[in-house]
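Here are my notes on this model, as numbered points. Please read them with the coordinates open.

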2 protein chains.
Amino acid sequence: MTKELEDLINEMEEGSVRALARLITMIENREKGWLEVMKAIFPNTGRAHVIGITGPPGAGKSTLTDTLTCELIARDLSVGVIAVDPSSPFSGGALLGDRVRMKEISTMKGVFVRSMATRGAMGGLSLAVRDVIKVLDAFGKDIILIETVGVGQDEVDVVKTADAVMVVCVPGMGDNIQAIKAGIMEIADIFVVNKADREGSERAVLDIRLMLNMSTEKGSLNIPILKTVATKGEGIAELVTNLFEVLESQERETSWREERIREELMSLLDKAIAHHVHVKLGRNSKLDTAVKQVLARERDPYSIVQEMVASFVH
Amino acid sequence: MTKELEDLINEMEEGSVRALARLITMIENREKGWLEVMKAIFPNTGRAHVIGITGPPGAGKSTLTDTLTCELIARDLSVGVIAVDPSSPFSGGALLGDRVRMKEISTMKGVFVRSMATRGAMGGLSLAVRDVIKVLDAFGKDIILIETVGVGQDEVDVVKTADAVMVVCVPGMGDNIQAIKAGIMEIADIFVVNKADREGSERAVLDIRLMLNMSTEKGSLNIPILKTVATKGEGIAELVTNLFEVLESQERETSWREERIREELMSLLDKAIAHHVHVKLGRNSKLDTAVKQVLARERDPYSIVQEMVASFVH
């Protein structure tokens, strides 16, 4: 490791937000040296609690994240927020709304906010988020909130890595329930019906309870369903209490932690091997030849790949 | 290949829908022999045109797909429909609504409908869809429609493989525009404002045009924005005309086809190598040891993976 990088890590561990931000960018973009950073900080990780916040667009996740952050800060906890935004291919970055929003809580003492885009995360979004979590953890954050729009497998994979997952809904979701159902329901530790001062909030609670009753997942009958009005701070204290209960109960489960480490190792391994293979393929003309053969239908892609596998793997 | 499998492929190529359905299930589940099937049918592929249909929930994609299918059948074309459904983790399958719907068009002569779930597709959804497309192609379908709820990278990857992509919107989408923007806009060949008899349809057209004007993508200014009322069949003939124009223009671009083959080869290779590695890891206790070391923070996952890569790859 270079002296410069070593200094940067030391600065970060001594509390420099500038160094923290710089290291995160480096890791997110897989800049030269990122692997050394991850190795260096790893021994200092494992203390932070990670909370995943997800739900359909318009459920008020951002406001809820803000209010929750304020409540945690008031309880003398330091907070890191990772907002996973669907990127706009037109502006080339995250959605403007979230950017504006984040400025507010990011000025609070003890809060560090980072926006990550679903596109462009080198090496996969869920791995990148896990890496950023580790850096925030090493920095000394007590609680790390990960906020995502809960659609698509990518985002499910992201919140799955959290110690506790809250799914945020609103009364009268209609079609949106479809988007939530896909893979999110089964990973929820807590349901939140936000904007609960609106009509239909009791109905929304019942709908969720009904779905949970139909589930075959272990423990789904005991999942709390809470009502909040994030804009007014209503229900937030109770939410925090419930979140802490989930965090405490999960701390006991070694098998659950082992399973997550296993998944992470496999993902890291898959990515590392794929990277290795892509670099090697880029250096020879095998792939170009193969593409032309498939286009001309002289050979099928499946036989070509079988042959390639044999040439790469022991 | 077994005699039985050979017979099944022959039956399929002679027009047996039963054999077609059986082979698709086999390939989707990666049952023993699937690779042989893919190799055997590959020389008979490459004739079908693939159209991707995507957009937010509630845009009327299903109805539009049905109406489009009827129009294509009326023009003496045979049609295959692949409906990619967000799976419900509670019912364990695709969403009921789509299942019911599909019964209607699936009784039409010359139409084959297949529902594929986003979860549980062994080896990745977009690869599985590509494989099913090839079988439908070998079966002799002229047009293959792929319908997805355009959210999440998985689904973007799926429609990206189509020869032409139509993005379906509705007037007054509000928050939903957020979900579309993420990675879908840039792959659209045609925009459709469906339910155009509703208030705000002209506004929706303008909003899309505005977004396209802001885009830096090549050719985005020439992307057609059409209005349809799928339930009444309005605008469908013009849509078909526009789709055929896109299909014809893209047939010329060899570089575009080469790029797609390259992507497919790389995805197949990544999956095949990962599979190989997972099988090997399953046979020894290296991974178990690694998990325990990481849990105890004796070693970091990054160093372990680096070591593993070296032991697997040339």
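1. Over residues 87-100 of chain A, pLDDT stays under 50. The model has 30 contacts beyond four places in sequence for these residues. Where pLDDT is low, the coordinates should not be read in detail. I would treat those contacts accordingly.

2. Overall confidence. This is a predicted model, and it scores ipTM 0.81 and pTM 0.75. Chain A has a mean pLDDT of 84. In chain A, 85% of the residues reach 70 or more. Which elements of chain A have the lowest and the highest mean pLDDT? The lowest belongs to helix α8 (residues 176-181) of chain A, at 52. The highest belongs to strand β7 (residues 225-227) of chain A, at 96.

3. Composition of chain A. Its secondary structure comes to 13 helices and seven strands. Of the 314 residues in chain A, 45% are buried. Take the contacts in chain A between residues at least 6 apart in sequence: 73% of them join residues at least 24 apart.

4. Domains. The assignment for chain A gives domain 1 (1-43), domain 2 (45-252) and domain 3 (263-312).

5. Helix α2 of chain A. Does its length fit or depart from what 1.5 Å a residue gives? The 12 residues of α2(A) should span 16 Å, and the end C-alpha atoms are 16 Å apart, so the two agree. The buried residues of α2(A) are A:Leu20, A:Leu23, A:Ile24, A:Ile27 and A:Glu28. They cover an arc of only 130° around the axis, which puts them on the same side of α2(A). Note that A:Glu28 is in this buried set.

6. A:Ala21, also in α2. This residue is found in helix α2 of chain A. A:Ala21 has 14 other C-beta atoms within 10 Å, so it is partly exposed. Its C-alpha atom is separated by 9.6 Å from that of A:Val113, 92 residues apart along the chain.

7. The residue after α2. Just after α2(A), A:Arg30 takes a positive phi of about 50°. In chain B, phi of B:Arg30 is near 50°, again a positive value in a residue other than glycine. B:Arg30 is placed in the loop between α2 (17-28) and α3 (34-41) of chain B. Why does B:Arg30 count as partly exposed? Because it has 17 C-beta neighbours inside 10 Å, while a buried residue needs 20 or more and an exposed one has 12 or fewer.

8. B:Ala19. Its place is in helix α2 of chain B. With 18 C-beta neighbours inside 10 Å, B:Ala19 counts as partly exposed. Neighbours within four places in sequence aside, B:Ala19 is in contact with B:Leu8, B:Glu11 and B:Met12. B:Asp7 is 12 residues from B:Ala19 in sequence, and the C-alpha atoms of the two are 9.2 Å apart.

9. Helix α4 in chain A. The 14 residues of α4 (residues 61-74) of chain A should span 20 Å at 1.5 Å a residue; the end C-alpha atoms are 20 Å apart, which agrees. The buried residues of α4(A) are A:Lys61, A:Ser62, A:Leu64, A:Thr65, A:Asp66, A:Thr67, A:Leu68, A:Thr69 and A:Leu72.

10. A:Asp76 follows α4(A) and lies in the loop between α4 and β2 (79-85) of chain A. A:Asp76 is not a glycine, yet its phi is positive, about 65°. Is A:Asp76 buried or exposed? It counts as exposed, with 8 C-beta neighbours inside 10 Å.

11. Helix α4 in chain B. Helix α4 (residues 61-74) of chain B has 14 residues and reaches 20 Å from first C-alpha to last, close to the 20 Å expected. The buried residues of α4(B) include B:Lys61, B:Asp66 and B:Leu72. Just after α4(B), B:Asp76 takes a positive phi of about 65°.

Methods. Residues are numbered from 1 along each chain as its sequence is written. Chains are lettered from A and ligands numbered from 1 in the order in which they are written. This is a predicted model: local features need pLDDT of at least 70, side-chain atom pairs count only at pLDDT 80 or more; totals for chains, interfaces and linings use all residues. pLDDT is the predictor's confidence in each residue, from 0 to 100. Helices (H or I, at least four residues) and strands (E, at least two) are DSSP runs, numbered from the N terminus. Two residues are in contact if their C-beta atoms, placed from the backbone, lie within 7 Å. Domain bounds come from an automatic or database domain assignment. The expected span of a helix is 1.5 Å times one less than its number of residues. The arc is that of the directions from the helix axis to the C-beta atoms.
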